[in-house]
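Dear colleague,

Please find below the structure I promised to pass on to you, followed by some notes on what was found in it.

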Protein chains: 2
Amino acid sequence: MIMTRQELIDLIRERKSFLCVGLDTDPAKMPEHLRNERDGVFRFNRAIIDATIDACVAYKPNLAFYEALGLEGLRQLKLTMDYIHQLKKPVFTIADAKRGDIGNTSERYAKAFLDPKGDFNFDSMTIAPYMGADSVTPFTVYDGKWVILLALTSNKGAFDFQLTEDRNGTPLYQRVLDTSKQWGNEENMMYVVGATKAEMLDDVRRIVPNSFLLVPGVGAQGGSLEEVCKHGLNKDCGLLVNSSRGIIYASNGMDFADRAGEEARKLQQQMAAVL
Amino acid sequence: MIMTRQELIDLIRERKSFLCVGLDTDPAKMPEHLRNERDGVFRFNRAIIDATIDACVAYKPNLAFYEALGLEGLRQLKLTMDYIHQLKKPVFTIADAKRGDIGNTSERYAKAFLDPKGDFNFDSMTIAPYMGADSVTPFTVYDGKWVILLALTSNKGAFDFQLTEDRNGTPLYQRVLDTSKQWGNEENMMYVVGATKAEMLDDVRRIVPNSFLLVPGVGAQGGSLEEVCKHGLNKDCGLLVNSSRGIIYASNGMDFADRAGEEARKLQQQMAAVL
């Protein structure tokens, strides 16, 4: 599908939410009645989507969880994307894939996830910056599609290289933000910025004041929504805040979808208060 | 499958080759008679494998090329891996996947590609280092399997961040090499080091003298085998040199497999002379 920056902003205003629901679907954590059912992963996702769509603006399937299930897992992802595409309600979709390779190879990854004629047709995908310009720009060639570039991630390992300062004292993640402005713009590039270091959002906003930021790590990973908003919001909102485990595994009983909906609405209400 | 460091060294000595054949299989570049045939990608790969296996020690399917074909492409990859696994001749397999994410997600990517019970059961996979320790270590948990960590890649974009010097004048790729020694060892970790900057292999060897290096970029990307050997060989060989397009697309006629075999043998003979 396609969603322009303005359409995304409008959707955020309409739903009074900038919540992204992470579909990190793991059969071992699904309710027992779905675990061994045919298309159980898709059925789980569909129930979560139906229960949360009025409280969120984006879904982010984490590719690893589907790939871990082999070919069958990717079929479940396709079923999920097909379901999202036929919904009457618009929603932004993110392939959390963390891809990136030399130019001719990144072209293929872009085709795999963003091509409107492909099996998945996501609106956007997450990209790792280590290999530089020609590993990122192939993802910007599909009109109306988005690159979401890793800048500062929410894990401990972020400290290994992302905060390494160059000779001028600029940490690598800021260099990534700055350099990437030559590769895309506010209409086709967002950034992953982890919530566990919310005060660093001030530095991020200095470099990319108008860009959308995808913020993982709220909830299970320990980040605070309040802190993220304080440091990350801009005049157009400019944030997509992701929650995965806190929503989709709120219960592993028959009430899992209802409980997921409740957790999503709790976050949505906090977001509405901020907007 | 599983291949220990010593088994890989023995295989290199036996075949007098350290060639890795990159299976970047693109239907548009395949011979016309295979393009629209059922399982054409697999049939192409099988013919390439049969024609090259005596001249090489490794195959490296590039995941992007299979993912670009959707679910069907991944089925072709599975058929290819199933074929390799039933061969009587041992060969090392590399999932060129460039993955890496927070710990619980990297675990899933490891399961997808390395798990002996999974659909693919590769010996190794390529990993991007940007997210640090906990994004890499989950790939080392499968006994006898390998992480191949990106250090210095062969593309232009490598100059964007990989060569950025920190306050002590250490380029990022050297910091990656150095830091990663806490995450693995010579028995479970190799490095991607591009061939287009062969003299930098001297610096690489200072930091990881005994590790295997996977060297892409010989051939189509402009690297020279002679230069790579001069700067990269160690007492156990310590190199896997990849060639993709130069071998698998040597011809797009009916003779494609024969021509691929010839190109592989040319490289193998140069390698035999060096060993």
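**Charged pairs along the helices**

In helix α13 of chain B, B:E263 and B:K266 are three residues apart and therefore separated by about one helical turn. These two residues form a salt bridge, with their closest N and O atoms 3.0 Å apart. Please keep in mind, here and in what follows, that this is a predicted model.

B:E263 also meets the side chain of B:R259 in a salt bridge, at 3.3 Å from N to O; B:R259 and B:E263 both lie in helix α13, which covers residues 256–274 of chain B, and they are four residues apart, again about one turn of the helix. As for accessibility, B:E263 is buried, because its relative accessible area of 17% falls under the 20% cut-off. B:R259, at 23% relative accessibility, counts as partly exposed, and B:K266 is likewise partly exposed, with a relative accessible area of 45%.

**A network and the overall count**

Which residues are linked with B:D101 in a network of salt bridges? They are A:K60, A:D96 and A:K98, so that the network, by the residues it names, includes members from chain A as well as from chain B. Over all chains, the count comes to 40 salt bridges.

**The barrel of chain B**

In chain B, eight strands close into a barrel in the order β1-β2-β3-β4-β5-β6-β7-β8, and their pairing is parallel. From one strand to the next, the twist averages 30°.

Within chain B, strand β5 (residues 146–152) and strand β6 (residues 189–193) pair in the parallel sense over five bridges, and B:L152 stands opposite B:V193 in β6(B). Helix α6 of chain B (residues 103–114) lies across β3 (92–99) and β4 (124–127) of that chain, and runs at about 140° to β4(B).

Conventions. Residues are numbered from 1 along each chain as its sequence is written. Chains are lettered from A and ligands numbered from 1 in the order in which they are written. This is a predicted model: local features need pLDDT of at least 70, side-chain atom pairs count only at pLDDT 80 or more; totals for chains, interfaces and linings use all residues. Side-chain values use heavy atoms; hydrogens and water are left out. A salt bridge is a side-chain nitrogen of Lys or Arg within 4 Å of a carboxyl oxygen of Asp or Glu. Helices (H or I, at least four residues) and strands (E, at least two) are DSSP runs, numbered from the N terminus. Buried means under 20% relative accessible area, exposed over 50%, partly exposed in between (1.4 Å probe, protein chains only). Two strands pair if DSSP finds at least two bridges between them. Axes are lines fitted to C-alpha atoms, for helices over the stretch in contact, and angles run from 0 to 180 degrees between N-to-C directions. Contact means heavy atoms within 4.5 Å.
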